[in-house]
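Hello,

Here is the model we spoke about, with its sequence. Notes on what was found in it follow below.

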Amino acid sequence: MKNIILLGSTGSIGRQVIQVVQDNPDKFKIIGLAGHSNYKLIEEQALICKPKHIAMYDESAIGKISGSLSNLEIKFYQGIEGISELVQIPKADLIVNGMVGSIGLLPTIRALEAGKTVALANKETLVAGGDLIMPLIREKKLNLLPIDSEHSAIFQCLNGENHSDIKRIIITGSGGPFRGKTKEELKLVTKEQALKHPRWKMGSKITIDSATLMNKGLEAIEAHHLFGVDYETIEVIIHPESIIHSMVEFIDGSIKAHLGFTDMRIPIQYALSYPLRLSSSLTGMDFAKVANLSFEAPDLTSFPCLGYAFEAGKKGKTYPAVLNAANETAVSSFLNGKISFLDISNIVYEILSEHKGINVSDFETIRSQEEWARNRALEMIKRLGR
Ligand SMILES: NC(=O)c1ccc[n+]([C@@H]2O[C@H](COP(=O)([O-])OP(=O)(O)OC[C@H]3O[C@@H](n4cnc5c(N)ncnc54)[C@H](OP(=O)(O)O)[C@@H]3O)[C@@H](O)[C@H]2O)c1
């Protein structure tokens with residue numbers, strides 16, 4: 001039985017992790033839940049999962065649930081410090097990080113320092129803090145198990161292979177809801193249109209990142225850290241059917257691809273059961289119905305965020321953390337109706353151009369540069385003021 005602490009339990013990833021656990025009650029047990037402020041859902045989840053620990057970022061949310069859960073003998077934790085304490089409890093075997101945003105970095109660091117295996121969906125953590133996390137993984141000889149479907153695909157393609165034999169890592173993406181649109185056409189797109197992803201049902205932030213193609217850029221930075229490859233080795237290709245989740249080309253010309261349904265429960269279950277595979281009801285793809293697998297190069301004119309992410313990744317230092325923080329702030333303002341779709345990439349560009357990168361030596365360096373980027377983004381958003 002694996003004891004799991006689930007961060008971001010109320011989100012899209014978190015809810016699917018709970019489904020996987022419920023499908024395998026003899027293999028996994030959730031002993032801790034954490035979220036931001038959705039106290040109603042976490043209360044429902046607590047009644048189902050019966051955890052011994054609950055952490056909420058928003059301190060007022062604890063007061064709203066502690067009374068109704070009093071007969072379950074739960075220990076409560078508050079704020080990011082509380083979440084970072086929760087991940088260290090001795091009984092936890094696996095920390096699943098399904099939080100959104102680089103706020104997930106500190107709990108990930110604390111979990112690794114405590115010697116825990118981490119299953120990571122929270123890509124912003126690696127984008128901002130890969131330079132801290134990967135040395136920690138090596139020093140502690142731990143596994144960092146990817147949940148992002150592209151990285152789970154690459155991870156599986158690399159099973160049994162020598163990393164020195166990698167020629168190319170090919171990250172696939174559906175192209176999002178605006179594939180094929182010109183920059184002129186993107187001027188008028190709405191939040192509602194941007195939130196209609198053609199293939200995946202996900203949280204709002206990653207759905208907007210998919211529409212700008214920033215998501216593919218964040219994934220390239222994530223792949224650089226996870227698989228220890230340079231950016232010249234990473235390629236992004238648009239694959240609208242989303243059947244191939246990513247590929248690896250080797251030095252002998254062989255290419256391994258991972259195919260499957262667009263259902264996050266597959267990579268989630270693999271990360272939870274690794275190195276074993278468990279059976280699942282999601283089998284039996286009908287290839288006659290799939291019929292075609294098509295590919296096209298990404299359009300960097302309409303979707304410049306992808307190029308900005310590669311540039312930030314190649315520059316290293318605090319550039320990826322700043323790219324990510326500027327993007328988080330811009331996406332949140334777009335979702336709140338304060339800026340237009342194209343403002344997102346403009347803000348990221350301006351902030352990256354202004355930034356003077358600093359070597360990442362500790363968590364504080366990342367946090368301070370993120371704060372600078374968030375404040376600069378907010379100033380720009382105020383100026384744009386809609
Ligand atoms: N959804 C997918 O299919 C998918 C696929 C690949 C990768 N990912 C990655 O997985 C991560 C989660 O995505 P998602 O789609 O599940 O997002 P989501 O639906 O928006 O859920 C986000 C979760 O994070 C929690 N959260 C937000 N801020 C927090 C904070 N300050 N402290 C503690 N918890 C906080 C939220 O809690 P509340 O509900 O209380 O606000 C919620 O549980 C992202 O990094 C995303 O890029 C997602």
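**Backbone and sites**

Glu 73 sits in the loop between helix 3 (59–66) and strand 4 (75–78); helices (H or I, at least four residues) and strands (E, at least two) are DSSP runs numbered from the N terminus. The model is predicted: local features need pLDDT of at least 70, side-chain atom pairs count only at pLDDT 80 or more, and totals for chains, interfaces and linings use all residues. Residues are numbered from 1 along each chain as its sequence is written, and side-chain values use heavy atoms, with hydrogens and water left out.

Glu 73 has a phi near 50°, a positive value in a residue other than glycine. Most residues other than glycine have a negative phi, and most peptide bonds are trans. The bond from Tyr 274 to Pro 275 is cis, with omega near 5°. Pro 275 belongs to the loop between helix 12 and helix 13 (287–290).

**Ligand**

The ligand is surrounded by 25 residues, the closest being Thr 10, Ser 37, Asn 38, Glu 124 and Gly 203; a residue counts if one of its heavy atoms lies within 4 Å of the ligand. By class, this shell has 10 nonpolar, 12 polar and three charged residues. Here Ala, Val, Leu, Ile, Met, Phe, Trp, Tyr, Cys and Pro count as nonpolar, Asp, Glu, Lys and Arg as charged, and the others, Gly among them, as polar. Helix 1 (12–23) and helix 6 (123–140) each supply at least two residues of the shell.

Why does the ligand lie between domain 1 (2–147) and domain 2 (148–203 + 225–298)? Both domains give residues to the shell around the ligand, so it lies between them; the bounds come from an automatic or database domain assignment.

For polar contacts (pairs of N or O atoms within 3.5 Å), a ligand oxygen is 2.6 Å from an N or O atom in the side chain of Thr 10. A ligand oxygen is also 3.0 Å from a polar backbone atom of Gly 11, and one is 2.7 Å from a polar backbone atom of Ser 37. Taken alone the ligand exposes 900 Å², of which the protein buries 88% (Shrake-Rupley areas, 1.4 Å probe).

**Pocket and cavity**

Both terms use a 1 Å grid over the protein atoms alone: in a cavity a 1.4 Å probe fits but cannot get out, a pocket is an open set with protein on both sides within 12 Å along at least five of seven lines, and lining residues have an atom within 4 Å of a point. Points are joined across faces, edges and corners, and a volume is the space filled by probe spheres set on them.

The second largest pocket holds about 420 Å³. Its lining has 25 residues, with His 258, Ile 266, Arg 277, Ser 280 and Leu 282 closest to the centre. Helix 7 (149–157), strand 11 (255–259) and helix 12 (265–273) each give two or more lining residues, and the largest share, six residues, comes from helix 12. That lining divides into 11 nonpolar, 11 polar and three charged residues.

There is one cavity of 30 Å³ or more, and the largest cavity has about 40 Å³ of space. Among its lining residues are Thr 212, Ser 302, Cys 305 and Phe 341. Helix 16 (341–354) gives the most to that lining, with three residues.

Regards

Notes: A polar contact is a pair of N or O atoms within 3.5 Å; within protein, one must be able to donate a hydrogen and the other to accept it, and residues adjacent in sequence count only if both atoms are side-chain atoms.
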